[in-house]
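Here's a quick briefing on a few spots worth a look. Have the viewer open as you read.

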Amino acid sequence: MRVKIVQEIIDKLRNKKRKIERKTIEPTIYSAPYKKPNSTYKKLICPTGFGHSGSGTLLDYFSEFSNTTVLGFFDPNSSGLVKNYDTSISEIDFIRCAGGVLDLEKQIKASSYFGDCLALKLFLHIAEYYYRKGKIYNDYFWQITNEFVEEITDLKIESKNSFEGLYFLQLLARRKKYQNLHSPLLLDNPQKRYIYYLKDLNVLEYRKIAKEYITKFLKSIESKEFLVCDQMLTTSKPETERKIDYFGDFKQICVYRDPRDIYVTGINLNEGWMPHNPVDFVKWFYHRGTPAYLDAPPHPNRLMIRFEDFVLKYDETSKIINDFVGISEKDHIHKKEYFNPAISINNIGLYKNYENQQEIIYIQKELQKYCYE
């Protein structure tokens, strides 16, 4: 018992020492090495999924070509082998996430000096989060991000006050955890703090500035002829023309899958972001966007494919994909080495062995038109 008490005292002292050390150590950020952009990509390809719908197979598939650079999260259990898993770049989220480039458009539409400041600080906070990750988020990324903010900002006042109100109460309560961060969102920020005011821009003016920013970023990524960016265009509605305003020419390939298998996959993996009851799952399925994309008018920049067809009708579907993006089969030098239909077939018809078939029957009834027969 005495030994245990002594050990607890020692642990407390060590933890206290670590906290003191963390307070004095300057965070190592804003130091990612930057080289002159060397991108040679001619076409942007954007796989899109809707939550375990199988879009990851496109990452594996395009990795098999000699003239592609693929950015995205690879799942080594989804199909076949994974190329350069340890050095891969995850989804490019700072553009489409809440508070990101696309989301800032809302503030342009309904500008207010209260919302302007919070929106810009939130965006800078998100950008800094990715900057800390390094890799493609290097010093050039941080430079063009600040240039982008300056271009859409009309006035920036150095001030100890702020217009963010109650939003900061939660951050204030957690300030000790984040006290070494130089985020513009923190109340106890040791750096200078500002109040931001947006320029009086219309939506098209904002999109033009944002497009220049996004183009600079994408062109800074060293790439081969085809640059594949996973989920970069994923939204709950297609909005293809709006996305063209931001990204220029691109090819978006949307993969959808039998909702019964999606439901079972979510439960098997105990996904916290998916409902585990059929009633909520049906609502969730609509919110995730599959019906909106399937029911939208066709567009030359957007292709819809079934996960099941990609696996069971591989030759036919792969030709459709190749023709759509303009990639040649002669460059398909690792065919079926990363996306292997013989492995992915195990992910079809999972619902047949699910223990609660009444839940499957409900989903099938409500989402019949999206089920694969």
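Let's start with R257, which sits in the loop between β6 (251–256) and α9 (259–268); helices (H or I, at least four residues) and strands (E, at least two) are DSSP runs, numbered from the N terminus. This is a predicted model, where local features need pLDDT of at least 70, side-chain atom pairs count only at pLDDT 80 or more, and totals for chains, interfaces and linings use all residues. Residues are numbered from 1 along each chain as its sequence is written, and side-chain values use heavy atoms, with hydrogens and water left out.

**Around R257**
- R257 is buried but has no salt bridge, and D261, the nearest side chain of opposite charge, is 4.6 Å away.
- Buried means under 20% relative accessible area (1.4 Å probe, protein chains only), and a salt bridge is a side-chain nitrogen of Lys or Arg within 4 Å of a carboxyl oxygen of Asp or Glu.
- A polar atom of the R257 side chain lies 2.8 Å from the backbone oxygen of H52.

**Helix α5**
- Buried residues in α5 include Y140, W142 and F148.
- At the start of α5, a side-chain oxygen of N138 comes to within 3.1 Å of the backbone nitrogen of Y140.

**Strand β2**
- In β2 (residues 68–71), T68 and V70 point one way, T69 and L71 the other, and all are buried.

Notes: Buried < 20%, exposed > 50% of the residue type's maximum accessible area, 1.4 Å probe, protein only. Polar contact = N/O pair within 3.5 Å; in protein donor to acceptor, adjacent residues only side chain to side chain. Lys, Arg positive; Asp, Glu negative; His and termini not counted.
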